[in-house]
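Here's a structure to explore together. Have a look at the sequence and the 3D view, and then we'll walk through how the chains meet.

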Number of protein chains: 14
Amino acid sequence: MDKMTWFTLLSTGGALAAIAVGVIFPAIAMGRAITQALDALARQPEAEKAISRTLFIGLAMIESLAIYVLVIVLIVLFRNPLLEYLLK
Amino acid sequence: MDKMTWFTLLSTGGALAAIAVGVIFPAIAMGRAITQALDALARQPEAEKAISRTLFIGLAMIESLAIYVLVIVLIVLFRNPLLEYLLK
Amino acid sequence: MDKMTWFTLLSTGGALAAIAVGVIFPAIAMGRAITQALDALARQPEAEKAISRTLFIGLAMIESLAIYVLVIVLIVLFRNPLLEYLLK
Amino acid sequence: MDKMTWFTLLSTGGALAAIAVGVIFPAIAMGRAITQALDALARQPEAEKAISRTLFIGLAMIESLAIYVLVIVLIVLFRNPLLEYLLK
Amino acid sequence: MDKMTWFTLLSTGGALAAIAVGVIFPAIAMGRAITQALDALARQPEAEKAISRTLFIGLAMIESLAIYVLVIVLIVLFRNPLLEYLLK
Amino acid sequence: MDKMTWFTLLSTGGALAAIAVGVIFPAIAMGRAITQALDALARQPEAEKAISRTLFIGLAMIESLAIYVLVIVLIVLFRNPLLEYLLK
Amino acid sequence: MDKMTWFTLLSTGGALAAIAVGVIFPAIAMGRAITQALDALARQPEAEKAISRTLFIGLAMIESLAIYVLVIVLIVLFRNPLLEYLLK
Amino acid sequence: MDKMTWFTLLSTGGALAAIAVGVIFPAIAMGRAITQALDALARQPEAEKAISRTLFIGLAMIESLAIYVLVIVLIVLFRNPLLEYLLK
Amino acid sequence: MDKMTWFTLLSTGGALAAIAVGVIFPAIAMGRAITQALDALARQPEAEKAISRTLFIGLAMIESLAIYVLVIVLIVLFRNPLLEYLLK
Amino acid sequence: MDKMTWFTLLSTGGALAAIAVGVIFPAIAMGRAITQALDALARQPEAEKAISRTLFIGLAMIESLAIYVLVIVLIVLFRNPLLEYLLK
Amino acid sequence: MDKMTWFTLLSTGGALAAIAVGVIFPAIAMGRAITQALDALARQPEAEKAISRTLFIGLAMIESLAIYVLVIVLIVLFRNPLLEYLLK
Amino acid sequence: MDKMTWFTLLSTGGALAAIAVGVIFPAIAMGRAITQALDALARQPEAEKAISRTLFIGLAMIESLAIYVLVIVLIVLFRNPLLEYLLK
Amino acid sequence: MDKMTWFTLLSTGGALAAIAVGVIFPAIAMGRAITQALDALARQPEAEKAISRTLFIGLAMIESLAIYVLVIVLIVLFRNPLLEYLLK
Amino acid sequence: MDKMTWFTLLSTGGALAAIAVGVIFPAIAMGRAITQALDALARQPEAEKAISRTLFIGLAMIESLAIYVLVIVLIVLFRNPLLEYLLK
């Protein structure tokens, strides 16, 4: 096989693996945060506003980690800066 | 084997692996969130509305992670941008 | 072996693996949710309606994850879009 | 060895592996659900009816996951749609 | 070695592995269920009837999973439908 | 080496492995059940009869799983149905 | 090396491995049962007779599992039924 | 393949792997911190200000770790100082 | 190397491995039993006799498992019944 | 490939791996420390000053560990003292 | 290399491995027993004599397991009965 | 490749690995110590001085372990005593 | 390479590995024993003498295990009895 | 490569690995001991002297284990007794 084939195979396989692995722990972290928020709600229903705000800020920061992965995956799939050295 | 065969094999196998791995942790996270919601319901039945809302927003955000995986899998199966370098 | 043989072997083996792995964690998540629902029932028998509703919505969302896997498996077994590149 | 031999070996081995792995986690999940149901019975004997109903619906949904695996295994052993590409 | 030898080796080894692995988790699940039933008996001796009924139904459903494995193992050892493609 | 040698090696090694692995989890499950029975006895000495009956039925069902493994091992060692294809 | 050498090596190595692995979990299970019996004794000294009886029956059943392994190991070392196919 | 191809493949694959692995534990750590903050809010609603400040400083320090990884990944993808030795 | 060398190497290595592995779990099990006995002594000093008797019987049964391993190891090192097939 | 290529590949890959692995446990340790600080704040709001001081000193010492890794990574990427032996 | 070299290498390496592995679990078991003895002392200082006696008997039995390993290691290093087959 | 290349590659890779692995457990240990110090502060604010002194001595001793690793890594990178045998 | 080289390499590498692995579990066991001793001191300050004596005897017995490893390592490095077979 | 190169590579790599692995568990053990000492201080501030003395003796004994590793590593790097067999 020529070099473009290797590059294509590795990029495709790597992208699939990275996105599959990369959502693992954000998912777990979100699950825990939501779990605790529900627990907090059950204990202090009147603090619902503060709980919701903290929860959503936290979910957003965790989501940002998953999006870092998604961004690197899309860079690799659609616009890889190292590709020019191969096409030279 | 020629290069298209390798590409097809890797894409098919990778897609199967990615979707199988990618639903693992969202499933776990959902399970935990639902578990805690049921626990919260049992402790504070009158806060059912706030609990349900928080639960469903959380499930939606976790579902979004599983859908990122599904999207990358479908891109790889149906419309892979790196395919043009192979067909050239 | 020719390329169709490789493709057939990998698809068959991958489908078996994916379905076997893919039901693992939905099963665990369901088990936890049901477990907690039973616990909640034992603590608050009068909240049975809310508990049942939350449980069944949650089971449906987890089931949806297992069905994503089943769908990809069936696409690979019965109608793989990458097959046309092999038959060309 | 010819290609049919590979196909037969892989299908047989894969079927054995898939069924052995595929019952693992449904078994665990059932074990947990039954465990909790017994615990709930011991705490709230008068809620036996609701507990039994929830338990059996839950066991049925988990059983459905094991049956997905069994179905894919039987499709692979008895009527594999990819077989026609090999016999061509 | 010829192809029948490979087939025989793989079937024998696979059958041993599958049955050994396949009883692992049903055994664990049964252990847990029985454990909990004994615990429930110790806490609510007067609910012995309901506990026994739930326990035995549950054990039967878990046993069914182990029997799925046994059935596939025996099909592979004694009457494998894929064998005809090899003997052709 | 000829094919009978491979067959003999694999059968012997597989039988040793299967029996060694196959008693692992029944042993654990029995350990747990006995453990709990002793705990139950310490808490409710007067329910000794019900506890003993449940324990022994449970131990018998777990023992049955270990015996499935033993049966398959003995079939492989003494009377393997696939042997005729090798001797042909 | 000739085939008897392979057979001897595998049987010796397998026997050592099987006995070393095969006592693992019976040892653990016994440890747990004894542990719990001591705990039960400390809590209900007057139930010593019932506790001892249950403990010793349980230890005997677990010991039986270790003896299954020992039996298969001795069959393999001293009188392997598959040996006749090799000597033919 | 020539050396630039190896370099490209390794850099692309390594970048995907590093970003996927590198967000794992920051995600977990964030999840724990947010979880505890919600718990603290539920116990001491009036200390919301101190809790929020500590939480956000902590999240920022953890985020800094994820950004170290992102920086190294981007250096490798876009401006690798070792590249000059290859191009010489 | 000739066959006696292989046999010697494997027997020596296997004996070292088997004894090292084979004392693992009896050691753990003994540790637990002694631990619990000390705990029981601290809670019920007056039941010291029953505790000691149960402990020592239990230690003896666990020790028997370690001795099974030692016996097989010594058989392999000093008097292996399969050796005659090699010397023939 | 020549030796500079090997050196470049290993340095790049190693740097990615080291930074990805090296932030794992500082992240976890920070997460735990922050978690506990939040818990302490919730229990003793009036000790906020001592808690904050201890927390920030601790975070700095953990951060120093992550920076050791970053320093070694940057030395390897930008100014490796062993490079002169290669260029000779 | 000749056969004595292999034998020497394997014996030396195996002895190092066996002793390193063989002290693992006795160490753990001793640690636990001592730990519990200290706990028991703190709870029942007046039972110090019984506790010490049980502890030292237990430590001696665990030490015996480590010494089994040491004995086999020294037999292998200094006086291996299988050596005569090699020197013949 | 010549021997200096191997030496350079191994030293560079080993240094990266050692520093990445070597900070793992000091980081964890520090995290635990700080965590507990915060907990102690929350329970006994008036013992702050003794707690701080113990904590900082402990952190210093743990830091010393990480520095042992750093020292060996720097010896390997900058002044390896075994290098003279290679240059001879 | 000649046989003395292999022997030197294996002995050096094995000694490093054995000492690194061999201190693992004694370290853990000591950590636990010291931990518990501190806990016991906090609960029963007046039993300090008995606690110290038990702790130091226990530490000495665990240290003896680490010293077994050190002794075997030094025998291998400085005076290996199997060396004479190599030099012959 | 000649034999001195192998020796140098293995010694360097082994030294890095041994020191990195060898500080793992002393670090953990120290972390636990310090953790518990802080806990003890918080519960019994007046027993500070006994706690400190026990803690520092314990830390010294654990540190001795790490120093065993460091000593073997330095012997291997600077003055390996097996080196003379290589230089002969």
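This is a predicted model: local features need pLDDT of at least 70, side-chain atom pairs count only at pLDDT 80 or more; totals for chains, interfaces and linings use all residues.

On one side, 44 residues of chain H are in contact, and they meet 41 residues of chain A. Together the two chains bury about 3800 Å², and carbon and sulfur atoms give 80% of that area. Within chain H, the residues that lose the most area to chain A are H:Leu16, H:Leu38 and H:Leu77, which together make up 16% of what that side buries.

The rule finds 2 salt bridges across the interface of chain H and chain A. In one salt bridge, the side chains of A:Arg53 and H:Glu48 meet at 2.4 Å, N to O. Which helix of chain H gives the most to the side that touches chain A? That's α2(H), with 14 residues. Sort the residues on that side of chain H by class and you get 31 nonpolar, 7 polar and 6 charged.

Next, hop over to chains C and D. Here 41 residues of chain D are in contact with 43 residues of chain C. This pair buries about 3900 Å² between them, 80% of it on carbon and sulfur atoms. In chain D, the residues losing the most area to chain C are D:Leu65, D:Ile72 and D:Leu82, together 16% of what that side buries.

Chains D and C are also joined by 2 salt bridges, going by the rule. Look for C:Asp39 and D:Arg43, which form a salt bridge with their closest N and O atoms 2.5 Å apart. On the side of chain D that touches chain C, α3(D) gives the most, with 16 residues. That side divides into 28 nonpolar, 9 polar and 4 charged residues.

Finally, go back to chain A on its own. An unreviewed UniProt entry annotates residues 6-34 and 55-78 of chain A as "transmembrane region". In the model, residues 6-34 of chain A are 97% helix, with the end C-alpha atoms 42 Å apart. Residues 55-78 of chain A are 100% helix, and their end C-alpha atoms lie 34 Å apart.

Notes
Residues are numbered from 1 along each chain as its sequence is written. Chains are lettered from A and ligands numbered from 1 in the order in which they are written. Side-chain values use heavy atoms; hydrogens and water are left out. Contact means heavy atoms within 4.5 Å. Buried area is the accessible area (1.4 Å probe) that two parts lose on being put together, summed over both. A salt bridge is a side-chain nitrogen of Lys or Arg within 4 Å of a carboxyl oxygen of Asp or Glu. Helices (H or I, at least four residues) and strands (E, at least two) are DSSP runs, numbered from the N terminus. Ala, Val, Leu, Ile, Met, Phe, Trp, Tyr, Cys and Pro count as nonpolar, Asp, Glu, Lys and Arg as charged, and the others, Gly among them, as polar. UniProt positions are given in the numbering used here, feature names are shortened, and annotations may be inferred rather than shown by experiment.
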